[in-house]
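Subject: Structure for you to look at

Dear colleague,

I am handing over the structure below, together with some notes on what was found in it. Please keep the sequence and the 3D view open while you read.

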Amino acid sequence: MSASANPRVSHDDVTVRDPLIRIRGLRTALNGKTIFEGVDLDIPRGRITAIMGPSGTGKTTLMRHITGQLAPDAGEIVVDGANVARIGRDALFGLREKIGYLFQNSALLTDYSVFENVAFPLRQHLKLPEELLRNIVLTKLQAVGLRGAANLMPSELSGGMMRRVALARAIVRDPMLIIYDEPFVGLDPIALNQILKLIRTLNQTLGITSILVAHELAAVRRIADSIYLLAGGKIAAHGAPDELARGETPWTRQFFSGEADGPVPFHYPAPDYAVQLGLAGAAP
Amino acid sequence: MSIVRKPPSRLADSLAQIGACGIFLFRILGAVPLSLRYLRETVRQVYFVGAMSLVIIMTCGLFVGMVLGLQLYHTLSIFGGTAALGTVVALSLYRELGPVVTALLFAGRAGTSITAEIGLMRATDQLDAMEMMAVDPLAYVVAPRFLAGIIAMPLLACVFNALGILGAHLVGVVWLGLDNGTFWSNMTSSVDVWSDVMTGVWKSLAFGAVCTLIATFQGYTTPPTSEGVAYATTRTVVFSSIATLAIDFVMTAFLM
Amino acid sequence: MAQRQSFQIGTGLFILLGFAALGYLATQTTSLANYRQGDSYAIKARFTNIGQLKLRAPVKIAGVRVGSVGSIVLEPDKLDALVTLSIDKRYDKIPDDSAAAVFTSGLLGDQYVALQPGGSPDNFKNGDEIVLTQSSMQLEELIGKYLVGGDAGKTGDKAGAKPDAQSGEKSGKQPTE
Ligand SMILES: Nc1ncnc2c1ncn2[C@@H]1O[C@H](COP(=O)(O)OP(=O)(O)OP(=O)(O)O)[C@@H](O)[C@H]1O
Ligand SMILES: [Mg+2]
């Protein structure tokens with residue numbers, strides 16, 4: 001584990017300092033289903049914070065709250081001093097220009113080539129000379145190992161390649177905050193290593209704050225400064241990776257060892273299995 | 001109970017759709033100034049909805065003109081009025097058939113592809129991705145298509161009309177032996193630029209706006225599933241056709 | 001970039017084609033086409049009744065268009081219609097005793113002015129007036145005449161082909177057949 005490369009951060013310490021993102025009392029229900037019931041969370045500046053949790057707990061939803069794509073039912077979300085649910089559209093767009101977002105499903109623009117996809121944020125907001133733009137885009141593509149694929153269309157890429165292009169697009173403007181929603185999905189071990197290095201380099205050399213939503217504990221432990229474990233609409237655990245991985249609470253023990261039984265439900269809420277199969281009467 | 005309750009809710013649904021569509025129109029209009037920054041996008045869309053529709057428009061225009069020539073020649077010859085063939089063909093094309101048939105073809109050719117394209121962009125999070133890159137999809141995706149429709153429709157209708165006249169000429173003069181001079185001089189003495197040709201152009205402008213409004217609205221609000229996109233595409237054709245004919249009636253009543 | 005260029009060229013061509021079609025429709029298939037024959041000269045004709053004759057209606061000799069109706073005004077004192085015919089410069093050899101008549105193309109068609117060439121050695125010049133004119137035939141009058149056996153029409157001018165020589169100047173009579 002190369003976790004020792006990161007400065008150790010105690011989470012008590014983090015909450016006190018001026019965080020980039022501060023979430024208090026977040027409550028959300030989608031279509032009548034409660035997703036969050038009172039989430040408090042801080043993302044410190046210049047660190048890599050991992051958000052982990054079972055599938056369907058609302059990690060992506062949380063990211064959508066942070067970027068103002070979805071307004072919460074209650075609670076406040078302050079990003080870089082601005083309450084994202086309150087600020088106007090122009091201010092929100094101004095904020096988003098400083099955020100790089102890697103979508104869980106890549107969301108590449110299918111009309112444009114790989115090159116144009118990565119160049120898109122630059123073209124839209126900066127009037128760069130074509131030469132400079134080309135250099136920036138090729139540099140980012142080189143970083144994800146796809147410089148040679150610059151002229152392909154998204155439909156000609158594999159799933160893992162698409163994720164890397166989406167990653168290049170998310171980092172192309174060297175933003176203040178990068179949100180990686182499951183960056184490791186579909187990556188082979190070699191690419192995974194490179195992407196890990198890339199995320200760490202961006203964080204260490206440019207001081208970019210990073211939020212990492214991922215399931216791969218081993219990978220997360222190598223780069224994250226702290227981990228929030230989200231389960232059942234609440235923060236189930238929070239701390240440094242090694243601390244959590246020791247599995248001292250029932251939540252962390254179950255989650256990191258992958259057991260089916262425990263406080264974290266594997267099943268989506270459902271009526272009783274036997275009842276639904278019509279066996280209820282047979283077993284009184 | 002469900003039988004009793006269904007019709008009112010259907011009606012309410014349709015009214016809600018129309019209302020939402022109207023609000024969407026204002027949102028597009030609000031995004032139009034911003035979309036002027038993406039002029040290149042508009043140019044690209046004019047190519048897609050306009051230039052790419054040329055083949056079907058020209059073919060259909062030619063055939064509609066030929067059919068009109070044949071039918072009207074037959075009918076007019078009963079009254080000994082075949083000399084008026086050019087006039088009747090031109091008037092019916094310019095005022096009604098040109099704009100209306102072009103709009104119906106446009107809804108089928110360009111409207112559906114706009115709906116499917118935007119619907120798919122919605123389903124694959126591309127619209128959300130644009131929002132996240134601080135690009136307003138209304139200004140970048142919807143408004144250029146809307147403008148392109150308004151630009152392309154009158155031009156397509158003019159091409160349709162020109163081919164229609166050519167078709168009628170082919171049938172009436174070349175095939176059935178009507179006098180060439182009579183064909184044209186009758187037409188030129190009774191067709192007026194403003195009350196006939198331009199009336200059709202105004203209609204086309206309105207049809208272009210309505211058809212692309214419906215197409216973009218259906219695409220933008222479609223449920224992000226393949227079934228949703230399929231239904232949205234169908235609705236585009238149905239609603240565009242109804243709206244075109246209804247607006248045609250209203251405009252004819254006011255412009256006559 | 002090449003891709004981008006081709007869109008722009010395609011769009012440009014499309015818009016050009018569209019406007020060319022509009023221009024063609026507007027100038028070649030409408031009444032604007034009749035203005036175009038720049039060089040013309042005017043001759044006048046008086047009719048007691050022009051029927052449904054309209055501005056820019058064709059003027060024909062032997063069925064061939066030679067010009068168009070330029071203006072139609074009512075002469076206030078004589079109360080007959082003064083029609084100005086714009087004749088194409090190409091047709092400058094029309095004898096000055098030619099006759100003008102308002103005819104209908106087909107049974108229900110538009111009305112036009114037909115010139116019946118005379119035999120005079122001199123030709124019409126700009127501003128000349130046609131002496132021999134024959135007014136529009138009114139369907140109602142025709143019907144009336146046949147129904148009432150000639151009483152309805154006061155005129156006994158039986159020779160329909162013969163023009164009303166004084167162009168209705170001396171009487172309000174209408175030459176009918
Ligand atoms: N638009 C929506 N309408 C209703 N419910 C939704 C909607 N989007 C998400 N949900 C629900 O919200 C919950 C959280 O979804 P979310 O995508 O945030 O999960 P996640 O934690 O990112 O899961 P994963 O790890 O699988 O990506 C899910 O249970 C889902 O059913
Ligand atoms: Mg997710």
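By class, the shell around ligand 1 is made up of 3 nonpolar, 9 polar and 3 charged residues, where Ala, Val, Leu, Ile, Met, Phe, Trp, Tyr, Cys and Pro count as nonpolar, Asp, Glu, Lys and Arg as charged, and the others, Gly among them, as polar. This is a predicted model, in which local features need pLDDT of at least 70 and side-chain atom pairs count only at pLDDT 80 or more, while totals for chains, interfaces and linings use all residues. Residues are numbered from 1 along each chain as its sequence is written, chains are lettered from A and ligands numbered from 1 in the order in which they are written, and side-chain values use heavy atoms, with hydrogens and water left out.

Ligand 1 is surrounded by 15 residues, the closest being A:K33, A:S55, A:T60, A:T61 and A:Q104 (a residue is near a molecule if one of its heavy atoms lies within 4 Å of it). An oxygen atom of ligand 1 lies 2.6 Å from an N or O atom in the side chain of A:K33, and for the side chain of A:S55 the distance from an N or O atom to an oxygen atom of ligand 1 is 2.6 Å. On its own, ligand 1 has 640 Å² of accessible area, of which the protein covers 68% (Shrake-Rupley method, 1.4 Å probe). With 3 residues, α2(A) gives the most to this shell; helices are DSSP runs of H or I with at least four residues, and strands are runs of E with at least two, numbered from the N terminus.

Elsewhere in chain A, the axes of helix α6 (residues 159-171) and helix α7 (residues 189-206) come within 12 Å and cross at roughly 10°, the axes being lines fitted to C-alpha atoms over the stretch in contact, with angles from 0 to 180 degrees between N-to-C directions. The helices α6(A) and α7(A) are therefore roughly parallel to each other, a term for angles under 35 degrees.

Finally, chain B has 9 helices and 0 strands.

Best wishes

Conventions. Angles under 35 degrees count as roughly parallel, over 145 as roughly antiparallel, 65 to 115 as roughly perpendicular and the rest as oblique. A polar contact is a pair of N or O atoms within 3.5 Å; within protein, one must be able to donate a hydrogen and the other to accept it, and residues adjacent in sequence count only if both atoms are side-chain atoms.
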